[in-house]
Amino acid sequence: MADLAQRKPIDVRRQAGFGTIAIACVAVLYLPIVVIILYSFNSASSLGANFKGLTLEWYRLVFADAAFFEATWMSLVIATCATGIATVLATMAALGTTRKREWTGQRAAFIMINSPLMVPEIITAISLLVFFSSLSTYTGIEFGIGKLILSHTVFCIPFAYLPIRARLEGMGLDLEQAAADLYARPRDTFRYVTLPLLAPGIGSGAALAFIVSFDDFTISQFVAGPGETTLPLYIWSRIRRTLTPELNAMCTLILLVSIALIVVGFVIANRRKSEK
Amino acid sequence: MAAHSDIVRQDLKTQRRLTLPSVAVIFLFGLVPLLIVMAYSFMKPAVYGGVEPELSLEAYVSFLFQRDLFDDTLVFSADYLLIFLRTALFAMVATLTCLLIGFPTAYYMATRPESQRNRWVLLITIPFWSNLLVRTIAILFIIRDDGPINAGLMALGIIDAPLPILFSNTAIVAGLFYSFLPFMILPIYSSIERFDFQLVEAGYDLYARRWQVLRHIILPIAKPGIITGSVLVFIPAFGAYVTPLILGGGNHMMIGDLIALQFRAARNWPLGAAFSMILMAFVLILLILQIRKNPREALHG
């Protein structure tokens, strides 16, 4: 009896040990990242495990490296172009597949738009290599840097499309209907009602597209021609020689770009969600 | 009435026009290249890369057989098949490990107070979107012979000589696990997060034990998430290229490297194309199976 009376109300959700696993899991996910960031400030010049002291020397070397800046510029140009094109196309497609009626072939279009997500990256990479090289062999058309931009655009479209479409699906048609009832022209309804409401979706779609383009290694490695070295390709060319503390500094800088973009995208998306 | 159907027709036309450019770009630069690869897989290799436009099944035949140099007979050769099987094994072990660690994590996240959940999701999302190449280099960095893990273990006196983890099968599987873990956690999380825990309370009222509740209530609820997560881990792990490239050191090939090799040093495009088609067929079968199992989730993955 005493035993029964003393029994505390149990937390029905608790499962023993799950919290520990969750924390271990986060630790595992972050450990390599944190270590590489930490060692980018290590003053020991050989890449042993011993941590001597703090230094910014490796960053100074990175910033003095002209090839690093060229590669960063190349990555920025390609990611900006690919993101721009992909976001515009994806926004149009998202409107076309949610506003306002279902058309025959819409499902097929949906599958088509998302298909780049289902193909393993290495296959996309070699297929684009084959495609562009056949094109230049048989027709003599050379795209130059356009090859990278077009290749990135293809796999950026679904990444931009999905958040924009999700946003549109959550919006409902009432406001647009109200604008139309008040005799707003379709163009004005779009400009003053749909677009502002859609902005967070477009923002997070564009952020994702930018990250996947900026970070892409596999596809760029096969598609890029001489002189079209993006940042990940440059890092790869360096790591093939040897690991250096400088490389840790470069990796840290790349990580910071994606982390900053993710956090900003996340905050925007969540603020709008709570406003709604 | 006529006016109304005109409007409908006009709307549909606009919608098609809006969708067309995306579909056209992906068709031209996504699907057409794949079709070319498929066509190349049925041709003969040219000497310096590229193909001879001549129909041949040689590429597919050499997946399982080797042609004898002298008398041209076919001899069974398991080399490529073994790489394929090894890839499947690596991907499977990585998927299972992800599930084993990912499920409790997702469950724990989904049972946090609502205010904390977003923070957890962000915590898992950051590595998910961080540069894969850099993350893989980071692993390379910590498991090196003179890296922090080995140095730490040696300083503690647990081992005398560094563990040769790098360039081993373990390194590749660990790398796959680490790369794709968030793909497992997030879908399971979203399948549990919506769940109403009163059902669990009912379970306890009926004297169920914790593991019984887990087994008979939570697991069925999380099943769509588990399936989606497993597919999302298995597919990229199966087609992995960067992970074995960096952590395998060229000794332990997976199918992704094998394909890459045919388009680079080996210069046998048809063979690489045939391997790609085999890999693609495998992936498509998995995706179709998954969509059959839970049609609702599939469209949002």
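How much area is buried between chain B and chain A, and what share of it do carbon and sulfur atoms give? The legends below take this up in a predicted model.

**Figure 1. The area buried between chain B and chain A.** About 8100 Å² is buried between the two chains, and carbon and sulfur atoms give 77% of that area. Helix H1 of chain B, residues 2-40, gives the most to the side of chain B that touches chain A, with 24 residues. Sorting the residues on that side of chain B gives 63 nonpolar, 16 polar and 10 charged.

**Figure 2. Contacts between chain B and chain A.** Look for 89 residues of chain B in contact with 89 residues of chain A. Across this interface, 9 residue pairs are in polar contact, with both partners at pLDDT 80 or more. For salt bridges between chain B and chain A, the count is 0.

**Figure 3. A pair of rings in chain A.** Over all chains, the count of aromatic pairs comes to 30. In this view, the ring centres of A:Phe63 and A:Phe69 are 6.2 Å apart and the planes are at 35°, so the pair is tilted. Planes count as stacked under 30 degrees and as edge-to-face over 60. A:Phe63 is partly exposed, at 46% relative accessibility, and A:Phe69 also counts as partly exposed, at 40%.

Terms used. Residues numbered from 1 in each chain as written. Chains lettered and ligands numbered in written order. Predicted model: local features only at pLDDT ≥ 70, side-chain atom pairs only at ≥ 80, totals over all residues. Heavy atoms only, no water. Contact = heavy atoms within 4.5 Å. Buried area = accessible area lost by both parts, 1.4 Å probe. Salt bridge = Lys/Arg side-chain N within 4 Å of Asp/Glu carboxyl O. Polar contact = N/O pair within 3.5 Å; in protein donor to acceptor, adjacent residues only side chain to side chain. Helix = DSSP H or I, 4+ residues; strand = E, 2+ residues; numbered from the N terminus. Nonpolar A, V, L, I, M, F, W, Y, C, P; charged D, E, K, R; others polar. Phe/Tyr/Trp six-rings, centres within 6.5 Å; stacked < 30°, edge-to-face > 60°. Buried < 20%, exposed > 50% of the residue type's maximum accessible area, 1.4 Å probe, protein only.
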